[in-house]
Amino acid sequence: MAQQFPALIIVIPLLAALLTAPIGAINRRLCYPWLVFIIGVTLVLALGLMIQIINSGPISYAMGGWKPPWGIEYKIDQLNALMMVLISGAGFLGALYSGPSFTKELPGRQTAATALYFLMITGLLGIVVTGDLFNIFVFLEIASLSGYGLIACGSEDAPLATFRYIIMGTIGASCYLLGVGYLYISTGSLNLADLHHLLPPLYHSRVVLTAAALMLVGISLKMALFPLHAWLPEAYFEAPSTVSGVVAPLYTKVGGYLMIRIIYNLFEPKFFIETFPITTILSWTAIIALLIGSIYAIAQKDLKKMLCYSVIAQVGYIVLGIALANQAGFTSAILTIVNEVCTKSCIFLATGAIIYRLGNSRIDNLQHLYRRMPWTMLAFTIGAFSMVGIPPTCGFFSKLYLLCGCVAAGRWAFIAALLLSTILNVIYFFRVIKAACFENPQPDYSRSEAYPLVEVDEVPLAMLLPILLAASAIIITGLGSNWLVTNIITPILPLGF
Amino acid sequence: MLEFIISKYNFWLYVILMMIGLYAMLAKRNLVKKLIGMNIFQTAIILFYVSIGVKKGSVHVPIIVDSHGHGAQLIHAADYLNPLPHVLMLTAIVVSIATTGVALAVLILIYRRYQTLNEDEIIHIRQARQKAGV
């Protein structure tokens, strides 16, 4: 049984998506427990795989019994297992949250939204579980297509934002596919591990170089790396709360995972240093991304829109860690992915809770929120601390490793940019905390109602629980970051640094 | 030069098609035309994959005639087209159809909200709404 986990983790949510229609036809209210149950099972499978891999090393699973490199290989090492736990974990929190949120925002459409939710989790898990380049494309499109569908359910202007996302997302996926085709022409293989051995003699071929460029551009479009980010803020802003609470933490981070695989496991960093300085270009783009993202975030008047720009800034941190091509940089890229999934899930779900109660998320509307929704705002504050990088949250450790990586690479300009972006982070998050905590609409100190009595008015427990769980995950991953580094990241550090 | 173009004509054709698609996606203001551009873009890549299955001197499509265990003829791989890119493209065609379907459904939603599919007009309507909202 346990050796079938890699296939089951894909098959179970895929079949569940198909079964959602009959279940929803019996009673629409059954969809919610069904979603929570299946995603819970997926989470248990992912944790089981993670324990198995930490104890006994990477697994290779031949899909349908066809041996690699001819068949599709599901290859799971520590990084895949970590990504699977993160995806199913954030998916589980979103599933818990979806009950009251879908009922309020998508009345009558819960069945369809639940089915799409299953497909989205299937696609995301598929991207990280498979070791076959074409299979990655198929799962990438499954995840994207279900994401388009879910985002289009959102507010008034959501369809237009979705259409722009579809166009950009399809260009990205097509570029990736074309790159895979070029690699297939020059080697005749699609298996990632096989290609890693076949490619080194061909490093000076122009076809391979074109393939690398096409694949990296395609993935950069999918993960909204500056300057290919224009589709992201609007699409995530218009999405329903649950959807943005799952899409925002996961999609760009899975793109980061793919970039790690392409640069370190498909090619070697040596290839990029010897032939074409893609890592240098990427690191400068990342620096611009994290500054521009933060500056745009400061300019926003709406909390959710501000967070969308913060996603773009965080993509910069991940790509910078990858592109530094040294041990500390690599570690920081993975820690940033972990931190981002926990933090963005916490902050976006908390923002969804604010929208659930207030109707919108304009920053000047947030007065007295600390007394009205104390638990939500507590979680939001922990998330904001992690974004800024205050210990003991995970954000502190990821930034620490990133700074160490910059020092090791001797890039002093990057250190200045990182510190500047941290200050910008402080400005845009503490502005929200100030509005919610210290601002009074009409300060009238002469009367006793200067601080009017605000009743506690929290969201339903099903929404509050995932927010608090995500907030505690931020602290736990921060305190356990040493465990993460020794057990997960050190075994997969690529050779040759 | 001419020989260079003719000997690699499949690549030239797919690049030209792809650029037509890209131009339509970037420059056209009508959303349906953008979608058509996207389809041309995807089709170009599908044709590229199909064309790389061809080998010099291979004439047969890969159907194995007599392979029921004993008495099977020895198969010369060089006589057959490479079937793998074609099989991959069956999946890619499904993906592209699904994308088109989702995009068309989204376009119907857009038309219901704004009564137009021209991007300039939609932006105009949204700006007017924002002003009225403030």
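Predicted model: local features only at pLDDT ≥ 70, side-chain atom pairs only at ≥ 80, totals over all residues.
Read from the N terminus, its elements follow the order α-α-α-α-α. Of the 134 residues in chain B, 22% are buried. Among the contacts of chain B that join residues at least 6 apart in sequence, 50% link residues at least 24 apart.

B:Gln115 sits in the loop between helix H4 (84–114) and helix H5 (119–133) of chain B. Its phi is near 60°, a positive value in a residue other than glycine. Most residues other than glycine have a negative phi. B:Gln115 has 10 other C-beta atoms within 10 Å and is therefore exposed, the limit for this class being 12 or fewer.

The two chains meet in a contact to which chain A brings 21 residues and chain B brings 25 residues. On the side of chain A that touches chain B, helix H5 (133–152) and helix H6 (158–187) of chain A each supply at least two residues. The most comes from H6(A), which gives twelve residues to that side. Sorted by class, the side of chain A that touches chain B holds 13 nonpolar, five polar and three charged residues.

The axes of helix H10 (residues 241–266) and helix H14 (residues 327–358) of chain A come within 7 Å and cross at roughly 165°. Because of this angle, H10(A) is roughly antiparallel to H14(A), a description that applies to angles over 145 degrees. The crossing of H10(A) and H14(A) is right-handed. On the H10(A) side, the residues that meet H14(A) include A:Ser241, A:Gly245, A:Ala248, A:Leu250, A:Gly256, A:Tyr257 and A:Ile260. Their counterparts in H14(A) include A:Ala333, A:Ile337, A:Val341, A:Phe348, A:Leu349, A:Gly352 and A:Tyr356. By class, the residues of the contact of H10(A) with H14(A) comprise twelve nonpolar, seven polar and three charged.

A:Lys104 has 14 C-beta neighbours inside 10 Å and so counts as partly exposed.

Several residues of H12(A) are buried, among them A:Leu282, A:Thr285, A:Ala286, A:Ile287, A:Ala289, A:Leu290 and A:Gly293. The cover over the buried residues of H12(A) includes helix H13 (303–324) and helix H18 (412–437) of chain A.

A:Gly410 lies in the loop between helix H17 (394–409) and H18 of chain A. With 7 other C-beta atoms within 10 Å, A:Gly410 is exposed. The C-alpha atoms of A:Gly410 and A:Ala470 are separated by 35 Å, and these residues are 60 residues apart along the chain.

The remaining features concern backbone geometry in the loops of chain A. Most peptide bonds are trans. A cis peptide bond, however, joins A:Phe226 and A:Pro227, with omega about 0°. A:Pro227 belongs to the loop between helix H8 (206–222) and helix H9 (232–238) of chain A. A:Ala224 is also found in the loop between H8 and H9. Although A:Ala224 is not a glycine, it has a positive phi of about 60°. A:Ala224 is buried, with 27 other C-beta atoms within 10 Å, where 20 or more are needed. A further cis peptide bond joins A:Pro391 and A:Pro392, with omega about 5°. A:Pro392 is located in the loop between helix H16 (374–388) and H17 of chain A.

Notes: Residues numbered from 1 in each chain as written. Chains lettered and ligands numbered in written order. Contact = placed C-beta atoms within 7 Å. Helix = DSSP H or I, 4+ residues; strand = E, 2+ residues; numbered from the N terminus. Nonpolar A, V, L, I, M, F, W, Y, C, P; charged D, E, K, R; others polar. Axes fitted to C-alpha atoms, helices over the stretch in contact; angles between N-to-C directions. Parallel < 35°, antiparallel > 145°, perpendicular 65-115°, else oblique. Left-handed = near helix turned anticlockwise from the far one by under 90°.
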